[in-house]
There are 2 protein chains.
Amino acid sequence: MTAPATRGRPGPRRALTQDQILDAALSLLDDGGANAASVRGIAAKIGVAPNAVYTYFPDKAAVVKALVERLLGEADHAAFADRNQPWRQRMETLALELRAQLTAHPGAVPLVIGGPMDGPQALALNERLLELLADAGLKPTTAARASYLLFVYVFGSIALEVADVQRPGPLPPESERIATRHLAFSAIPADPYPRAAAATTAMASFISTKQYIWGLHRVLDGII
Amino acid sequence: MTAPATRGRPGPRRALTQDQILDAALSLLDDGGANAASVRGIAAKIGVAPNAVYTYFPDKAAVVKALVERLLGEADHAAFADRNQPWRQRMETLALELRAQLTAHPGAVPLVIGGPMDGPQALALNERLLELLADAGLKPTTAARASYLLFVYVFGSIALEVADVQRPGPLPPESERIATRHLAFSAIPADPYPRAAAATTAMASFISTKQYIWGLHRVLDGII
DNA sequence: GATATAATCTGTACACTGTACAGAAAAAAA
DNA sequence: TTTTTTTCTGTACAGTGTACAGATTATATC
């Protein structure tokens with residue numbers, strides 16, 4: 001798959017692989033946040049000169065694109081491709097899988113939603129969704145619309161969730177993040193925001209799995 | 001409102017205002033994309049040394065934060081605060097208003113969804129949503145959940161829409177963007193993606209106002 | 001095998017980025 | 001008038017992406 005296409009031509013053997021570069025990039029993102037995956041940082045991590053990276057990718061954008069593809073591909077499609085399970089269940093599995101995959105790399109999330117989702121893995125994901133929605137009884141065009149809506153919901157949720165924490169590094173446990181939000185929201189004055197001020201506890205927990213599933217079900221209810 | 005708080009103290013008069021800086025930043029974003037709003041660019045645009053900006057904002061993040069607040073605040077709340085209209089209508093007005101406001105500045109969108117939406121204007125928006133959903137008959141906690149869901153939908157949609165074009169500058173007209181997508185999607189092979197390949201025309205138009213409204217209605221249907 | 005060819009990787013360099021620090025000019029307070 | 005405080009500038013530093021020119025290395029050709 002990731003075989004070097006340049007064997008049988010002159011020149012020294014490649015010392016690196018694309019995957020090594022992506023590994024390094026992801027690792028930097030994981031403990032440095034979205035801006036930590038610099039070309040120089042990547043190169044340093046694998047012990048090579050900065051511009052050696054450009055042998056494997058034309059520019060940084062290509063690295064990011066490949067990394068996004070890889071992250072999307074790492075979601076296990078097998079689980080929700082199982083047509084024996086009820087479709088809502090499969091949808092839930094898919095949504096949770098994607099969320100788990102992406103929130104495990106919060107620094108990468110801005111990169112995922114920062115570019116067009118038109119790579120092979122995004123298309124594959126879309127295809128699984130279309131199958132699933134067909135099984136749910138939707139006509140192709142409605143299924144396509146619904147698939148896009150679900151994309152919006154899933155990636156929108158994840159984006160808002162990771163945007164909520166500013167410190168780089170792995171996402172703290174849900175409970176801790178909720179506690180932080182609660183603290184922040186407790187400062188909301190009742191004067192201009194009476195309704196928000198009265199709902200701070202609820203609002204604090206909107207980054208939770210529970211709310212994520214609740215929202216998913218509302219969307220699915222709307223699609224029917 | 002934005003009065004200089006430092007009058008009645010020694011020192012030369014300020015040559016700039018925060019708004020001038022935000023104007024410059026927005027203008028740079030508008031015709032250079034999300035990375036174009038550099039401190040140096042802003043300073044050059046208003047004819048001042050780069051570090052003069054730091055008199056008005058502690059760092060670049062603060063500039064971005066203020067700019068986001070301003071963009072959110074520029075949505076006209078009056079239209080959908082009118083309780084005489086049916087609530088679905090008001091919701092539609094709100095959603096369209098926000099989309100228009102943000103897609104008018106595509107370069108700013110990554111900045112909007114890149115940080116926590118907890119500023120005064122985000123809270124004000126949330127408050128309007130809560131009022132609206134209360135008028136729709138929802139109980140406070142359900143209204144709060146639904147409000148967050150709508151945030152996710154609106155900003156998620158806008159983010160995906162803006163991420164779809166890579167060239168900086170103003171968003172091309174919808175028809176042109178759809179045509180571009182159509183062209184790109186026409187290359188989708190039927191082999192691994194039969195369903196997607198059969199729906200390219202539909203998929204191309206998912207960045208449209210029509211799809212946006214359709215999705216909104218599905219979400220509202222789900223909320224009831 | 002010797003030679004030509006083409007692909008790696010490195011060193012250096014350039015134009016950018018955010019921002020820290022030191023100083024000069026300016027205006028109000030004393 | 002002198003002191004004090006603020007604003008803005010100049011300079012500087014570490015960091016960014018990446019272009020360019022070699023040196024090195026392996027293959028293909030003669």
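Predicted model: local features only at pLDDT ≥ 70, side-chain atom pairs only at ≥ 80, totals over all residues.
What is the volume of the second largest pocket?

Residues are numbered from 1 along each chain as its sequence is written, chains are lettered from A and ligands numbered from 1 in the order in which they are written, and side-chain values use heavy atoms, with hydrogens and water left out.

**First stop: DNA strand D**

Select DNA strand D and the 29 residues that surround it, among which Arg40(A), Pro12(B), Arg14(B), Ala15(B) and Asn51(B) are the closest; a residue is near a strand if one of its heavy atoms lies within 4 Å of it. On chain A, select Val39(A), which has a backbone N or O atom 2.9 Å from a phosphate oxygen of DNA strand D.

**Second stop: the pocket**

The second largest pocket has a volume of about 640 Å³. A pocket is found on a 1 Å grid over the protein atoms alone, as an open set of points where a 1.4 Å probe fits, with protein on both sides within 12 Å along at least five of seven lines, and its lining residues have an atom within 4 Å of a point; the volume is the space filled by probe spheres set on the points, which are joined across faces, edges and corners. Select Asp164(A), Arg181(A), Phe185(A), Pro116(B) and Asp118(B), which are the closest to the pocket's centre of the 31 residues that line it.

Select Glu161(A) and Arg177(A), whose side chains meet in a salt bridge at 2.4 Å, N to O (a side-chain nitrogen of Lys or Arg within 4 Å of a carboxyl oxygen of Asp or Glu). Glu161(A) is buried, with a relative accessible area of 4%, and Arg177(A) is buried as well, at 8%, where buried means under 20% relative accessible area, exposed over 50% and partly exposed in between, with a 1.4 Å probe and protein chains only.

Technical notes. Polar contact = N/O pair within 3.5 Å; in protein donor to acceptor, adjacent residues only side chain to side chain.
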